[in-house]
Amino acid sequence: YGFINTCLKSLVVEKYGEETWEKLRLQAGVQDSFLTFEVYKDEITMQLVDKACKILGVPADMVLREFGEYFFEFCKRSGYDHMLRTLGGNLYEFIENLDALHSYLALSYQAILFSFVFPQEMNAPSFRVEKNEDGSMHLHYYSDRRGLCHIVPGIIGAAALDFFNIEISMEIVNQTEEEERTGKKEHIVFLVTQTPVFSYKERNEFSSSSQYLADSEKQVENQLNKEDLEKAKNTFRDRGSSVCPVKKSHWKTIRGIITLGKGKLLRGFDPVYPKSLWIDTKTFCNGLPFHMVFDKELRVKQAGVSIQKIVPGLQTTGICLDHYFSIVHPEVPFTISSIQKFINSQFVFQTRREMMPESWKQRPMLELRGQMIWMESLQCMLYLCSPLLRTLHELEERQMHIADIAPHDVTRDLILLNQQRLAEMELSNQLERKKEELRILSKHLEEEKKKTEALLYAMLPQHVANQLKEGKRVEAGEFKECTILFSDVVTFTSICAQCEPIQIVLMLNSMYLRFDRLTTVHDVYKVETIGDAYMVVGGVPVPVPTHAERVANFALGMIIAAKGVQNPVSGNPIQIRVGIHTGPVLAGVVGEKMPRYCLFGDTVNIASRMESHGVPSKIHLSSSAYQCLKYKNFEMTERGEIEVKGKGKMQTYFLVRNKTATENEIMGRP
């Protein structure tokens, strides 16, 4: 189920981060999220575990053990805390009732699956526990899924420490494969040893008072044997407050004392049984309408009235039980030895279709669930059971009624309650699906938003674009010093006249793609392109002291990049002119429809004049640009005074190269 994979994802994200999970799921080839009640292939979980071992560099047994510990905490956080705590009063009882918990979960999950017309069943592992004389236990673990046994020490260890304040060690003492009714099962036997965990204070109190406790308990016991009931109570009250130096829980003897009327004081609980059974067979069979008694040869000795009504063959004394029923859970052969082996498990029987009355053969088979009790004196097995029905629909399918179930049987209430729970779980499942759809839509929306922002930031400076998105007015900003560059293609007009428009577009696109990459390399801002003219600025919109060097290096890169663009007319590399000027500008957003970030001022005009009065394949500098680069490791040559349209005579220069940077560095190549 998706619950398992969701837990695994949560573990990886919580302990190793989102990036590790993303890497893990991509390598495993699985989706990012899982629905709780959705059924997924086992291969997905195994693939995730396998890739986790490789990515984290950790052995599989350690990954599975850590997953087991985390799975226990994840179950508690997911609302199963109280359910787990009430399974048993000690670790033995807790493990003994794990199969019952799985049976309940299977009931819930299957009901939900059936409501969505899913045929899969919850195939849970099975546990059997045996006590040893030295206080240790042997835990038998059965599972269809091989290689996951190391999860068990993680889960059991976490539960023992949390619920019973016990540290345990678990080692595998036997590992086999057993042929069961549904195929081969992995059978692992763990040796479980327990060590109580004391706090520092409890340890000191216990060690200092253990001998004193033994003496006190002996004295109290002797006195209780001599005195009457009332004096015993007074003695316990008086001495309990003065001689007990530790918590009351250490008084195991005193706490276990009870009385029955004015009878003998007893240590612990000792039940009383009547000399003869005060119930006749007719009342027993009516009061427990779904019970069966059978001997070692599986011959039926008696059966409840309701099960006789459904399976008339049981009215024949001595018929073999396995002719009419098969064992669904646990998955063991139908023999008395197998049943005794799993005596503490809940047994699920299913009627055999070929042995049912004709009216039943078109209906779903009836399943019974209950416990086995071995009666040593009679050498017979008692099966106390109830119909395994999840919903009113299942009851109707079998043409049964609530009245067929005994009034004291909680199955009546469970069917009705589960009907309501089904509706709630179906709603929860629908909400989970919608939530997942919204998550995917939100993710796609975020991706589209990033694309939109990337496009917007390519058209406008980021801080300007953010202000416009927020509906704010963008104020024009004055920049005291920046460096502006203009470039154009030599003989562009004649090239346009001699070739197709598409060839011009392809040529300009090839050139501008190279120039755009260089703007990123040298961190300059592309202002605009008009036809063959390309304009960039350094020091705007973010003022930087190295604006002139950045633009100069960008210009050198442009000259090199242009050599890789072919003239569609001659087939030779194109030639460009570049002009650079440094000075103050005013910058701001112009217009509301298709807004543009524009530069204003005489600096823009002079930079344009440097380009138009330039020389092919040369970088033309104004005197202010020259002054900024004079002591910055650039080689420049003087052009002299030239007549500049609208400006008169101006002293200009040519930029030749960067003395310290290689061509690869200029071009941003590795």
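Q: Is Glu436 buried or exposed?
A: Glu436 is buried, with a relative accessible area of 18%. Buried means under 20% relative accessible area, exposed means over 50%, and partly exposed is in between (1.4 Å probe, protein chains only). This is a predicted model, where local features need pLDDT of at least 70, side-chain atom pairs count only at pLDDT 80 or more, and totals for chains, interfaces and linings use all residues. Residues are numbered from 1 along each chain as its sequence is written, and side-chain values use heavy atoms, leaving out hydrogens and water.

Q: What does Glu436 pair with?
A: Glu436 meets Arg439 in a salt bridge, at 2.9 Å from N to O. A salt bridge is a side-chain nitrogen of Lys or Arg within 4 Å of a carboxyl oxygen of Asp or Glu. Arg439 counts as partly exposed, at 29% relative accessibility.

Q: How buried is the salt bridge partner of Glu394, Arg390?
A: Arg390 is buried, with a relative accessible area of 8%. Glu394 is buried too, at 7%, and the closest N and O atoms of the pair are 3.3 Å apart.

Q: Which parts of the chain does the Arg77 and Glu14 pair link?
A: The two side chains form a salt bridge (3.6 Å, N to O). Arg77 is in helix 4 (residues 60–85) and Glu14 in helix 1, 63 residues apart, so the pair links distant parts of the chain. Both Arg77 and Glu14 are exposed.

Q: New topic: how do helix 1 and helix 2 pack?
A: Helix 1 (residues 2–16) and helix 2 (residues 18–28) pack at an angle of about 140°, with their axes 7 Å apart. That makes helix 1 oblique to helix 2; angles under 35 degrees count as roughly parallel, over 145 as roughly antiparallel, 65 to 115 as roughly perpendicular and the rest as oblique. Residues in the contact (heavy atoms within 4.5 Å) include Val12 of helix 1 and Trp21 of helix 2.

Q: And what is the mean pLDDT?
A: The mean pLDDT of the protein is 82, and 85% of its residues reach 70 or more. pLDDT is the predictor's confidence in each residue, from 0 to 100. Over residues 235–266 pLDDT stays under 50.

Key: Axes are lines fitted to C-alpha atoms, for helices over the stretch in contact, and angles run from 0 to 180 degrees between N-to-C directions. Helices (H or I, at least four residues) and strands (E, at least two) are DSSP runs, numbered from the N terminus.
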